[in-house]
Amino acid sequence: MSFARSRWVSPLLLLALWEVGAVTGVIPRRTLASPHEVISTFAEMVSSGELGRNLLVSFGRIAAGLAIGVTVGIALALVAGLSREGEAAVDSPVQMLRSLPSLALSPLFIVWFGIGETPKIALIAFGVTFPVYLNLYGGIRGVDKRLLDAARSLGLTRREQIMHVILPGALPSLLVGLRYALSLAVLVLVVAEQINASQGLGYLINEARDFMRTEVIVVCLVVYAGLGLLFDKLIRTVEHRALAWRPQLVED
Amino acid sequence: MSIWLHDFTRRFGDNTVISRLNLDIAPGEFVALVGRSGCGKTTLLRALAGLDDVGDQDVKVPSARAVVFQDARLLPWKRVWQNVTLGLRGSNPRRRAEAALREVELGHRLEAWPLTLSGGEAQRAALARALVREPELLLLDEPFAALDALTRIKMHELVVQLWRAHKPAVVLVTHDVSEAVALADRILLMERGQIAVEERVDSARRSDLAYQQALRETLLSHLGVERESAPRVTQPDPTLHLSPQVST
């Protein structure tokens with residue numbers, strides 16, 4: 001009974017079906033390599049350092065893109081959120097730019113930045129700026145006015161109101177924005193690395209495609225998924241610490 | 001130091017919410033402000049609290065003032081004691097906050113997150129946050145309205161006890177006439193932005209049920225609540241909230 005209800009059963013069954021299909025030739029190798037080949041390729045790529053090296057390059061691009069994009073997003077949101085003048089100056093251009101799909105900018109970025117690291121990092125940075133900006137800006141503007149009244153009645157200066165009321169109040173929204181930003185960063189990375197890369201996960205996939213090595217492609221896909229999970233876990237950990245005051249987390 | 005507003009007027013656009021209102025409050029006096037919604041009592045309280053800019057009108061309010069709102073308005077991301085120290089100047093804020101919280105019997109909840117407090121506890125924390133500033137003017141904006149009847153009675157006793165200990169002038173805004181009669185020295189009834197009725201409460205006769213009843217009826221009739229039916233002292237009136245003196 002508990003076996004039949006376990007959430008692991010059907011994925012493992014699918015994996016077994018895939019393996020049987022591949023070994024018996026029902027699933028041709030050029031369509032999809034078998035699970036055991038994927039696993040052994042994964043082990044090889046890890047031990048030869050090929051995967052680690054390329055993963056590190058991709059990771060570096062994400063980190064650089066995120067660092068720039070998140071910083072810009074936070075800075076713009078603070079300017080627009082904390083003053084009417086800032087809102088007038090910043091919000092409308094950002095709202096206009098945000099309607100551009102960031103991936104559609106890649107031709108322009110190649111013209112501007114060439115085909116090295118810069119356009120890849122710039123694409124990620126551009127993409128992640130908006131979810132961070134929109135969520136933080138909304139969070140700042142959505143801070144409970146009654147709490148601000150209370151803070152003013154306690155004699156808090158504007159600076160103290162920002163530090164103790166506005167920013168902590170907007171933090172949950174910022175974390176939502178960061179979560180979007182991280183998943184978007186992986187998405188943009190996949191496409192950005194198709195631009196003439198000579199290293200990185202995207203490069204591995206491209207090369208594998210040229211040689212029809214489906215097992216390498218599957219390994220890379222699994223690594224992408226792993227990156228997504230890792231980032232999600234990261235944000236959850238940060239949330240758990242930063243939002244410990246929320247009752248549902250307190251009760252844990 | 002006394003508190004006053006002379007000829008105080010407050011407009012929002014074409015809407016005059018308070019017109020030429022005069023109010024003097026002696027140091028340590030407990031004043032209740034009753035009135036129907038929309039009569040301007042909240043606007044008056046905000047002016048006294050310094051939350052709205054009153055311009056250069058003839059208003060004298062001590063800068064040492066504090067507000068307790070209907071909803072406790074604790075910052076959910078700060079622990080209870082940190083909420084009390086918020087904006088607190090001077091030395092050793094934490095120790096003072098802890099003393100204030102013990103005074104409202106919250107000594108065991110110093111490190112709690114506000115969202116884990118009950119309504120009564122949150123309101124007591126808000127009281128501690130107000131009193132730790134040693135205000136000369138304590139503004140209470142319907143602070144008991146969201147509490148259940150039993151908690152409300154306990155809060156009434158606590159407020160009176162704290163008021164006796166610290167002697168701030170108190171302005172209690174309430175829609176509950178019984179509460180006003182039970183707590184205040186003076187009851188002001190506001191109507192259309194002015195003080196329409198002023199009643200002094202004789203504290204020596206406060207525990208006299210008939211006196212209370214008469215006072216309540218005077219105020220209620222001014223508020224337009226006239227009820228012909230039945231005795232009211234022995235039978236709790238469903239529209240009135242329980243207060244310590246009428247807990248029959």
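Modeller: A residue is called buried if 20 or more other C-beta atoms lie within 10 Å of its own. Please bear in mind that this is a predicted model.

Colleague: By that rule, is B:Phe144 buried or exposed?

Modeller: B:Phe144 has 27 C-beta neighbours inside 10 Å and therefore counts as buried. B:Phe144 lies in the loop between strand E6 (137-141) and helix H5 (149-166) of chain B. Leaving aside residues up to four places away in sequence, B:Phe144 touches B:Arg152, B:Met155 and B:Glu179.

Colleague: How should I read a nonpolar core, and which residues have the most contacts inside the largest one?

Modeller: In soluble globular proteins, nonpolar side chains tend to be buried together. Here the largest nonpolar core comprises 104 residues, and A:Ile124 and B:Val171 have the most contacts inside it. The greatest contribution to this core, 14 residues, comes from helix H7 (residues 117-141) of chain A. A second, separate core has 13 residues, among them A:Val38 and A:Leu204.

Colleague: How is the packing of two helices described?

Modeller: Two packed helices are described by the angle and the distance between their axes. In chain A, the axes of helix H4 (residues 50-82) and helix H10 (residues 201-210) cross at roughly 130° and come within 7 Å. H4(A) is therefore oblique to H10(A).

Colleague: Which residues make that contact?

Modeller: H4(A) contributes A:Asn54, A:Leu55 and A:Ser58, while H10(A) contributes A:Leu201, A:Tyr203 and A:Leu204. By class, the contact of H4(A) with H10(A) has four nonpolar residues, two polar and no charged ones.

Key:
Residues are numbered from 1 along each chain as its sequence is written. Chains are lettered from A and ligands numbered from 1 in the order in which they are written. This is a predicted model: local features need pLDDT of at least 70, side-chain atom pairs count only at pLDDT 80 or more; totals for chains, interfaces and linings use all residues. A nonpolar core is a set of buried Ala, Val, Leu, Ile, Met, Phe, Trp, Tyr and Cys residues joined through C-beta atoms within 7 Å. A residue is buried if 20 or more other C-beta atoms lie within 10 Å of its own, exposed if 12 or fewer, and partly exposed in between; C-beta atoms are placed from the backbone. Helices (H or I, at least four residues) and strands (E, at least two) are DSSP runs, numbered from the N terminus. Axes are lines fitted to C-alpha atoms, for helices over the stretch in contact, and angles run from 0 to 180 degrees between N-to-C directions. Angles under 35 degrees count as roughly parallel, over 145 as roughly antiparallel, 65 to 115 as roughly perpendicular and the rest as oblique. Two residues are in contact if their C-beta atoms, placed from the backbone, lie within 7 Å. Ala, Val, Leu, Ile, Met, Phe, Trp, Tyr, Cys and Pro count as nonpolar, Asp, Glu, Lys and Arg as charged, and the others, Gly among them, as polar.
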